[in-house]
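Please open the structure in your viewer and keep the selection tool at hand.

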Amino acid sequence: MLGRTGKFRGRCRFELQQCRPFSSHPPPPPPELSRLHYPAGSGSRKYRTGQEAGPMSSAQINSILKANEYSHNLPRGPASHGVLGFHSNMLPSNLPGEDRRSSATCLPGCGGVQFGVFDGHAGSACAHTVSQRLFYYIAVATLPLRTLAELERAVQEDRAVPPLLEWHKHPQDHSCPDGAAISFHSLRNYWQERLEDGDEDDGDEDDEDSSRVTSALVNAFRRLDYDLSVEAQVYLSMSSPRRLSLRGEALSVSSPLRVALSGCTACVVHVSKGVLQVANLGDSRAVLGVQEPDGSWSALSLTNDHNAQNPEELQRILGEHPLSERRTVVRHDRLLGLLLPFRAFGDVRFKWSAEMLSRVYETRPDILSTVSEAVRTLPPYYLTPPYLSAQPEVTRHHIRPMDKFLVLATDGLWELMHRQTVVQLVGQQVTGMS
């Protein structure tokens, strides 16, 4: 099972500790792992330091590197699902930083431990919101219907709603002070729909539990992205430029339209009952550190990149649009020549109809003035939307005694370091700590 987990800024590291398996023989990794596609990093990323100055001292460097460090040990016992703890850090490549991280324990039901990294683009609004809300959606998607019914009764009777998550946050990690009412309303709609559907498998087998978690991860990702889009459309229909300027909402980081116009990738790990599941959307990665019998380290990739470097992903996106667009859907390895990842939250300028986007661009200059210049115009060759998907790819892995840690990171790490190098460095540290 997971022993320790650790994250580094859009980079995370999780150490795994050998635990007693649930069966006498740990199951082998699923066959789909053998086809995971992992191109080596191109090293093309350019980092900005804000202001170029002379060489920094070791003390200055350490101060910067340690500013966002966070470690947390989880209590031993079934509630930790074999995760002993995690080590996390964030090192922004630009200011203000657009990436976010999250870690939490699910409290009711079967529970589980969740970790995620979120790589924002066109601003931090979407990554900020998704990092605060996605784990709640996963909790609602995985909870038994009887627990959701108890939540609904508490709301109807105006009682305190039991907490769904125990967050593990760095003191300086961003909170979400505004937009809470909209978030709760959407989340409640989600659990009400689950209750109305009433579709729940009562099987108790581990494989069935794992399958339910897989489906829940996919549903939670898609539903949150849907809600972000709907909230932005409601916001547009109910607001006017004059009201917004008076109330100052156009500048709010959590303004629904601002969230929807920006975007983020997401890589989330859910650990429960000795099963590790990774839901990936975009080009962040999860890499398992495996210690071989001779003591050497090997890297096992648990995610695929969703970009033009992945042939299967490229064929998927081309196959979803007419042959007449084959030369324009992906240009210069970017979606419509603009966006590197082919899957992401938000980014409604790649999802909404051309008519709706034109209406935003023509009538809401007040909001457009607060977002990145790149999102203020209709993308070229915008003919058959949606072009961007929020459907995550989920990989399931039964944790074995040889699995020692997991590294979860945004693309910034992988463009500069090969996965084997990362695992080797972490493995040496883990060996030195034991």
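Helices (H or I, at least four residues) and strands (E, at least two) are DSSP runs, numbered from the N terminus. The model is predicted, so that local features need pLDDT of at least 70 and side-chain atom pairs count only at pLDDT 80 or more, while totals for chains, interfaces and linings use all residues. Residues are numbered from 1 along each chain as its sequence is written, and side-chain values use heavy atoms, with hydrogens and water left out.

**The whole chain**

Display the protein chain, whose secondary structure comes to 12 helices and 16 strands. Of its 434 residues, 52% count as buried; buried means under 20% relative accessible area, exposed over 50%, and partly exposed in between (1.4 Å probe, protein chains only). Contact means heavy atoms within 4.5 Å. Among contacts between residues at least 6 apart in sequence, 74% join residues at least 24 apart.

**Helix α3**

Select residues 145–156, which form helix α3. How far apart are the end C-alpha atoms of α3? They are 16 Å apart, which agrees with the 16 Å that 12 residues should span at 1.5 Å a residue. The expected span is 1.5 Å times one less than the number of residues in the helix.

Next, colour L145, T147, L148, L151, E152, A154 and V155, which are buried in α3. The buried residues of α3 pack against α2 (125–142) and α4 (180–197).

**Helices α2 and α4**

Select α2 and α4 together. Their axes come within 10 Å and cross at roughly 15°. That makes α2 roughly parallel to α4. Axes are lines fitted to C-alpha atoms, for helices over the stretch in contact, and angles run from 0 to 180 degrees between N-to-C directions. Angles under 35 degrees count as roughly parallel, over 145 as roughly antiparallel, 65 to 115 as roughly perpendicular and the rest as oblique.

Which residues make the contact? On α2 they are R133, Y136, Y137, V140, A141 and T142, and on α4 they are S183, S186, L187, Y190, W191 and R194. Sorted by class, this contact has 7 nonpolar, 3 polar and 2 charged residues. Here Ala, Val, Leu, Ile, Met, Phe, Trp, Tyr, Cys and Pro count as nonpolar, Asp, Glu, Lys and Arg as charged, and the others, Gly among them, as polar.

Most residues other than glycine have a negative phi, and most peptide bonds are trans. The next selections depart from this pattern.

Go to D158, which follows α3 and lies in the loop between α3 and β7 (165–167). Its phi is positive, near 60°, in a residue other than glycine. Is D158 buried or exposed? D158 is exposed, with a relative accessible area of 73%.

Then select L336, in the loop between β13 (334–335) and β14 (345–346). L336 is not a glycine, yet has a positive phi of about 55°. At 0% relative accessibility, L336 counts as buried.

Not counting residues up to four places away in sequence, P380 touches R331, L336 and L338. P380 is partly exposed, with a relative accessible area of 33%.

The place of P380 is in the loop between α10 and β15. For the last stop, select P386, in the loop between α10 (365–368) and β15 (393–398). The peptide bond from P385 to P386 is cis, with omega near 5°.
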